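Let's take a friendly walk through a protein model, from its separate parts to the places where they touch. Have the structure open as you read.

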Amino acid sequence: MINIVSKSGNLAPYLKATTQTVASQIKQLSPAVPASLKIVVPPVQELHTNYSLSNSLPSGRVRVLSGPGVTTQVRFAHTDIQIPDFSAYRRKDVQDGTAVSRRSEDSRKSFTYLVVGGGAVVGAYAAKTLVGEFVSSMSASADVLALAKIEIKLGDIPEGKSVTFKWRGKPLFIRHRTPSEIQTERNVDVQSLRDPQHDADRVQDAEWLVIIGVCTHLGCVPIANAGDFGGYYCPCHGSHYDASGRIRRGPAPLNLEVPNYEFPGDGTLIVG
Amino acid sequence: TNISMWWNFGSLLGVCLIAQIATGLFLAMHYCPNTEAAFSSVAHICRDVNYGWILRTMHANGASMFFICIYLHIGRNIYYGSYKLVHTWSIGVLILFATMATAFLGYVLPWGQMSFWGATVITNLLSAVPYIGTILVQWVWGGFAVDNATLTRFFALHFLMPFAIAALAMVHLLFLHQTGSNNPLGLKSDTDKIPFHPYFVTKDIVGFIILFTALSTLSLKEPYLLSDPDNFIPANPLVTPVHIQPELYFMFAYAILRSIPNKLGGVVALVMSIAILFALPAYKSKFTGTQFYPANQLMFWIMTNTVLLLTWIGARPVEDPYIVTGQILTTIYFMYYIITPLTTKHWDQLNK
């Protein structure tokens, strides 16, 4: 015996007094009474909406008991499920319900993949552009780039003098070297240097030394015309640089940096 | 399955918030919240910073899009009776207040004439509070007038508030997911659910594309269409512009504020014009929404048009005939909230 506890729904046939659609031992609810009058009732027009279709579902607390003690089962006939007509949404190839969908599978899938693939390419490009815009907004802005080059009149710097300019937020040392300074630096044994570099490799015109005045140890600004090597001395931790900006003594690991520069030829120097 | 385009505005608001936070964050990297440098820093962003111009215009116009979406979202909720989801609705009104506060604070930051004088006018409203008004205003200002101290704290608060809005939005969704969404029929839709992916993922993406198109068109073709030319003049505490007015999205509230001749009364009306939304869940009806209440539908559209007309009035100078027009429209606006529940009750009784 199966005990069915739920709201009626489409289980009504099983609970009617006069009809037994399943051979079971379900007791009739009440004894059958023959109808004496023929009553004609127009058939109910059932609209297939989500709401009306959902009424076919059992609702409430549906419980079905089954097990060793039960001898029968009830099956729903799935052939009576009403499905709305979706032909307005179907593709041309599969409009006909009897058409073999596998035949048009390739063309249908190709179209879908093409559209999705194209959309993905456009989307990827758009995403890349968007991220690129945000990231590049953090890069140097136009006013910073405008100060990225400096032009110096070399005629204003006397021989033997080292002048400091602010360039890209850092001190720039321009030294007008004397012939004896140049000779001294050319004669230095390169192999004895911590950071071996020949003076000729560090200057374009031997008369002008162009270096960035930031100590390569921990970033302090060295003092010009100081130290034991006729160049620069960093007071923070005692690094000595020569007149070519090379480290000679002290904790700094590298020579003072040489930036990009050029002599356009009219007695000026452009750095950057 | 029957939720219409009006249900897209929730996700659109989320997108707006993310866009505002992203653009705002990158703007904050270049902005300087000091009265000496604020105006120039905004010019620097627009001219020197790589893509700064688009960051700025997207952020300014994004705020307008945010308010368009939020007003349409609220309109949908009133029309379809979604305010019956009390907790979701209440958090939503809080989000509206927080968004209005954030937008107000943000508008002060460029430190143009309208930024300064808008800040002065609105912060001066606090002096209407009885007894503690003056002390309260000076505490908010950090001085005796809107000045550097005000600008720096407004920047800090403008940076902070969107994250509070994001948190509130998450709570808003939390409550919404307890009950599920409403739908245009106002009926229970438990048997009619479809998976979020792919249906509403795609539907939301369509909404994003439309929003992005609108925002881009505005930002790229007419970026200053909705802004005030007075804000291109650096703030001058000694010269007040002839027409002080807030941005478009605050105009209706500004019109309501100016309609009441009394200072404190105007402030109360301003706050109540938004806070009255808290009262809506108390309006009971047999059916959810206005689908079956044609009289209420008519009143809703009258109210919507009243708000649009109030927006127009807010931009007009305080002269005849705009004064009395504004007062009539203010009355109509508040009358909607009083008449609606009565109409609903009457209609329900008629249909008994």
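## How chain A meets chain B

Keep in mind that this is a predicted model. Across the interface of chain A and chain B, the rule finds 5 residue pairs in polar contact, both partners being at pLDDT 80 or more. On the side of chain A that touches chain B, the elements giving two or more residues are α2 (50–54), α3 (105–137) and α4 (142–146). The largest share of this side comes from α3(A), with 4 residues. By type, the residues of this side divide into 4 nonpolar, 6 polar and 2 charged.

How big is the contact? The size of an interface is often given as the accessible area lost when the parts come together. Here chain A and chain B bury about 1,200 Å² between them, and carbon and sulfur atoms give 64% of that. On the chain A side, Glu133(A), Phe134(A) and Ser137(A) lose the most area to chain B, together 41% of what that side buries. In residues, the contact takes 12 from chain A and 16 from chain B.

## Looking for salt bridges

Side chains of opposite charge can pair when their charged atoms come close. How many salt bridges does the rule find across the interface of chain A and chain B? The count there is 0, while over all chains it comes to 8.

You can find a salt bridge inside chain A, where the side chains of Lys109(A) and Glu105(A) meet at 2.9 Å, N to O. Both residues lie in helix α3 of chain A, 4 residues apart, which is about one turn of the helix.

## The domains of chain A

In chain A, the domain assignment gives domain 1 (89–96 + 103–138) and domain 2 (147–271). Taken over C-alpha atoms, the centres of these two domains are separated by 58 Å.

## The domains of chain B

Chain B is divided into domain 1 (1–244) and domain 2 (250–351), whose C-alpha centres lie 22 Å apart. In this pair, 31 residues of domain 1 are in contact with 27 residues of domain 2. The two domains of chain B bury about 2,500 Å² between them, 76% of it on carbon and sulfur atoms.

Between these domains of chain B there are 6 residue pairs in polar contact, both at pLDDT 80 or more. On the domain 1 side, α3 (52–79) and α4 (86–108) of chain B each supply at least two residues, and α4(B) gives the most, with 10 residues. That side divides into 22 nonpolar, 8 polar and 1 charged.

Methods
Residues numbered from 1 in each chain as written. Chains lettered and ligands numbered in written order. Predicted model: local features only at pLDDT ≥ 70, side-chain atom pairs only at ≥ 80, totals over all residues. Heavy atoms only, no water. Contact = heavy atoms within 4.5 Å. Buried area = accessible area lost by both parts, 1.4 Å probe. Salt bridge = Lys/Arg side-chain N within 4 Å of Asp/Glu carboxyl O. Polar contact = N/O pair within 3.5 Å; in protein donor to acceptor, adjacent residues only side chain to side chain. Nonpolar A, V, L, I, M, F, W, Y, C, P; charged D, E, K, R; others polar. Domains from an automatic or database assignment.
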